[in-house]
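I opened this structure to look up its sheet, its helices, its aromatic rings and its pockets. My notes follow in the order I made them.

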Amino acid sequence: MGRVEAFDSPKSVVCRFHSNDHLPPHFHVRTQDGRLHFRVAFLEPVNRMVTVIVGEPRAKLIHEITALAAANRVSLLKEWEEKVSHEN
């Protein structure tokens, strides 16, 4: 797994790419304790970027992460292409 480097993550979460992950390009956001996990498809429109996997993220965190992702789409796509190998 590769840590997202395109922006500084909020201190409460870790943002990472998973190697051998599937399309569309995305990264994962998790809390250290594992109570929250969601996926951010950063090329999608902001209102469709987030898929919650575990927990119930606060709207403020979702807004912060999607704003960072939208502002850094080009860098995130470059990181995705460097750090993630996928077959589909």
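Predicted model: local features only at pLDDT ≥ 70, side-chain atom pairs only at ≥ 80, totals over all residues.

The open sheet has five strands, ordered β1-β2-β3-β4-β5, and their pairing is antiparallel. Which strands stand at the edges? I found β1 (2-3) and β5 (50-54) there, each with a single partner strand, so one side of each has no neighbour in the sheet. I noted for reference that strands of a sheet pair through backbone hydrogen bonds, either parallel or antiparallel.

**Strand pairs.** I went through the pairs next.
- β2 and β3 are antiparallel and share three bridges. Val14 has Arg30 in β3 as its bridge partner.
- β3 and β4 also run antiparallel, and four bridges join them. Here I found Val29 opposite Phe38 of β4.
- β4, residues 37-40, pairs with β5 over four bridges, again in the antiparallel sense. I traced Arg39 to its bridge partner in β5, which is Thr51.

**The helices.** What does helix α1 touch in the sheet? Helix α1, residues 59-71, packs on the sheet and touches β2 (14-17), β3 (27-30), β4 and β5. I read the angle between the directions of α1 and β4 as about 30°. Helix α2, residues 73-83, lies across β1, β2 and β3. The direction of α2 is at about 55° to β2.

**Aromatic rings.** I counted ring pairs with centres within 6.5 Å. How many aromatic pairs does this rule give? The count comes to four. I also listed the members of one aromatic cluster: Phe7, Phe17, Phe27, Phe42 and Trp80.

**The largest pocket.** I looked up its volume last, and the largest pocket holds about 150 Å³ of space. Which residues line the largest pocket? I wrote down Pro10, Ser12, Leu36, Glu56, Pro57, Arg58, Lys60, Leu61 and Glu64. Sorted by class, this lining has four nonpolar residues, one polar residue and four charged residues.

Technical notes: Residues numbered from 1 in each chain as written. Heavy atoms only, no water. 1 Å grid on protein atoms, 1.4 Å probe; cavity = no way out; pocket = protein on both sides within 12 Å on 5 of 7 lines; lining within 4 Å. Points joined across faces, edges and corners; volume = space filled by probe spheres on them. Nonpolar A, V, L, I, M, F, W, Y, C, P; charged D, E, K, R; others polar. Pairing = 2+ DSSP bridges. Helix = DSSP H or I, 4+ residues; strand = E, 2+ residues; numbered from the N terminus. Contact = heavy atoms within 4.5 Å. Axes fitted to C-alpha atoms, helices over the stretch in contact; angles between N-to-C directions. Phe/Tyr/Trp six-rings, centres within 6.5 Å; stacked < 30°, edge-to-face > 60°.
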